[in-house]
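Hi everyone, thanks for having me. Have a look at it first.

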Amino acid sequence: EIVNIFPIPSGIASGVLQKIEGYKWSKGVDNKSRLLKKESEQRIFRVIKPEYCNRYKSILEVCEKNNLFDNYIIKTNVFNGIQELDKYLVLEHEFINPVTYNYEWSPKMIKHSIFFTLDLIKKLTEVGLGLEDGHALNVTIHKGNFVLLDFGALTDTLTGPSVLIEVLNTHIIPFIYVMKGKYDKAYMCMKNADIVFTITDIKGYLNKTELYALNTLYDLAAFSTHKQEVINFIDKTVEFLSNVDLINFDTRWKGYQNDEWNWSENKKLWSTKMHSVIDALIKLKPHTIILAGNMGWYGSYLNSQVEYAIVADYDPMCIDYLWEKINDEHMKNVIPVYMSLCNPTLDYYKDYPIAQCGIEPWRKNAYVRFKSDVVIALAIIHHLVFAQQLSFEEIICQLSLFSNKYLIIEFVDQTDRYITDFLKDGFEWYTKENFEAQLKQKYRVLDIKGSTPCETRWIYICEKIVK
């Protein structure tokens with residue numbers, strides 16, 4: 001007998017709720033609760049319908065009793081300060097800023113997030129709870145660790161077969177693409193959450209042993225209706241991930257700028273560039289930083305003095321390296337992002353990417369989420385010019401989208417020995433004078449410092465012109 005284990009979509013829309021002065025409702029498909037934001041104070045609340053209050057009070061108590069808020073789930077407390085909602089159960093969640101998603105993570109980050117999710121389900125099973133939404137987008141990074149962002153995904157019953165299959169489809173299938181070196185397919189799968197990818201899409205990349213093991217996981221998921229069966233599924237999934245052959249490859253920039261990390265503790269070894277950038281940051285005193293990439297040292301060195309530092313790069317191995325550093329050195333507020341600043345993450349309405357329009361997105365674009373006090377862009381202009389065919393105007397405008405106030409940017413002259421391979425006919429306009437002229441259209445240059453080598457590279461410390 002064929003049984004449909006997946007719930008039929010209810011078709012219930014979020015609807016419009018009463019306006020509460022100073023607060024803003026979020027949209028969603030959860031028919032039990034809605035999120036309410038007070039962004040002026042960076043606070044977020046979950047408003048639970050009266051008929052589900054006792055259920056979520058019980059879930060909250062179990063989480064508190066078993067210390068799940070310390071290790072697995074976004075910190076949550078009962079809140080009684082909104083008079084208009086006195087008939088509802090209102091929970092206040094810790095406000096996480098910025099939020100990143102799995103399609104913005106490097107391979108090792110994705111792998112660690114999967115093991116976190118599997119461990120979370122196992123722990124929930126042991127304490128009598130479960131998940132009723134197993135989608136990978138419910139997990140984010142906070143204080144150097146993964147955390148379940150969606151408290152509403154918790155249930156006081158066992159994690160059901162449909163949810164376990166969802167875990168396979170949204171966590172395991174994309175990561176198999178990653179492990180087999182099919183990065184484009186992996187990230188397409190994660191970015192387009194409305195498209196369901198299954199074992200049918202991935203089987204051509206698996207050997208017979210791997211395919212048999214994955215088929216077994218789907219069978220186990222479909223018939224896991226008791227506590228021990230769910231735990232067995234989790235254990236077998238962990239075993240499967242440990243045994244799948246991983247295709248390793250080096251990228252062009254893996255290991256680039258490793259010297260900064262090696263010299264970090266001994267300022268006598270620092271290059272002129274290291275001194276120039278860090279001295280400028282100390283003087284500017286930013287609360288938030290976004291660095292255009294590589295191994296992440298320039299965005300991480302002052303992490304204890306800022307609210308957060310984002311390091312964005314489109315080389316997955318560089319972000320993998322930084323993620324290891326974050327774990328090894330227990331950095332809580334450095335956030336690695338696998339993303340090109342030339343092709344930032346778009347807005348998403350439900351599971352669909354959207355451009356600028358009148359629709360309020362469910363997941364906001366990178367410009368909004370990652371905008372910081374200072375943007376650091378070192379040794380990338382020549383790459384963007386010669387490889388990406390961008391003009392100085394385009395580069396500066398693009399970086400400005402991420403900057404609230406300051407820009408620290410490096411210019412590499414045509415005579416620099418490291419860029420001779422980049423030079424092409426038709427780029428005679430690539431000069432220091434033209435760069436400065438374009439930079440001054442949007443920024444006031446506060447200082448120009450030496451870089452390394454100082455004869456052919458310069459660091460510009462700039463402040464945004466407010467018009």
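Let's start in a loop: histidine 330 sits between helix 12 (316-328) and strand 12 (334-338). When I say helix or strand, I mean DSSP runs, H or I of at least four residues for helices and E of at least two for strands, numbered from the N terminus. Histidine 330 has a phi near 55°, a positive value in a residue other than glycine. Its relative accessible area is 61%, so histidine 330 is exposed. For that word the cut-off is over 50% relative accessible area, while buried is under 20% and partly exposed is in between, with a 1.4 Å probe and protein chains only.

Before I go on, a word on where this comes from. This is a predicted model, where local features need pLDDT of at least 70 and side-chain atom pairs count only at pLDDT 80 or more, while totals for chains, interfaces and linings use all residues. Residues are numbered from 1 along each chain as its sequence is written, and side-chain values use heavy atoms, leaving out hydrogens and water.

Back to the backbone. Glutamine 389 is not a glycine either, and its phi is positive too, about 65°. You'll find glutamine 389 in the loop between helix 14 (381-386) and helix 15 (392-400). There are cis peptide bonds as well: one joins asparagine 97 and proline 98, with omega about 0°, and another joins threonine 452 and proline 453, with omega about -5°. Proline 98 is in the loop between strand 5 and helix 3, and proline 453 is in the loop between strand 17 and strand 18. Why point these out? Most residues other than glycine have a negative phi, and most peptide bonds are trans.

Now, how many salt bridges does the structure hold? There are 21, counting a side-chain nitrogen of Lys or Arg within 4 Å of a carboxyl oxygen of Asp or Glu. One of them pairs arginine 55 with glutamate 132, at 3.5 Å from N to O. Arginine 55 is in helix 1 (residues 53-65) and glutamate 132 in the loop between strand 6 (130-131) and strand 7 (139-142), so this pair ties together parts 77 residues apart in sequence.

Next, arginine 369 bridges to glutamate 104, with the closest N and O atoms 2.6 Å apart. Here helix 13 (residues 366-370) holds arginine 369, and the loop between strand 5 (89-93) and helix 3 (107-126) holds glutamate 104, so the parts tied together are 265 residues apart in sequence. Are these two buried or exposed? Both are buried.

Arginine 369 also turns up among the residues that lysine 364 touches, along with Glu39, Leu346 and Asp347, not counting residues up to four places away in sequence; a contact means heavy atoms within 4.5 Å. Lysine 364 lies in the loop between strand 14 (352-354) and helix 13, and at 25% relative accessibility it counts as partly exposed.

Finally, the whole picture. The chain has 16 helices and 18 strands, and buried residues make up 51% of its 467 residues. Its C-alpha atoms fill a box of roughly 75 × 60 × 45 Å, taken along the principal axes.
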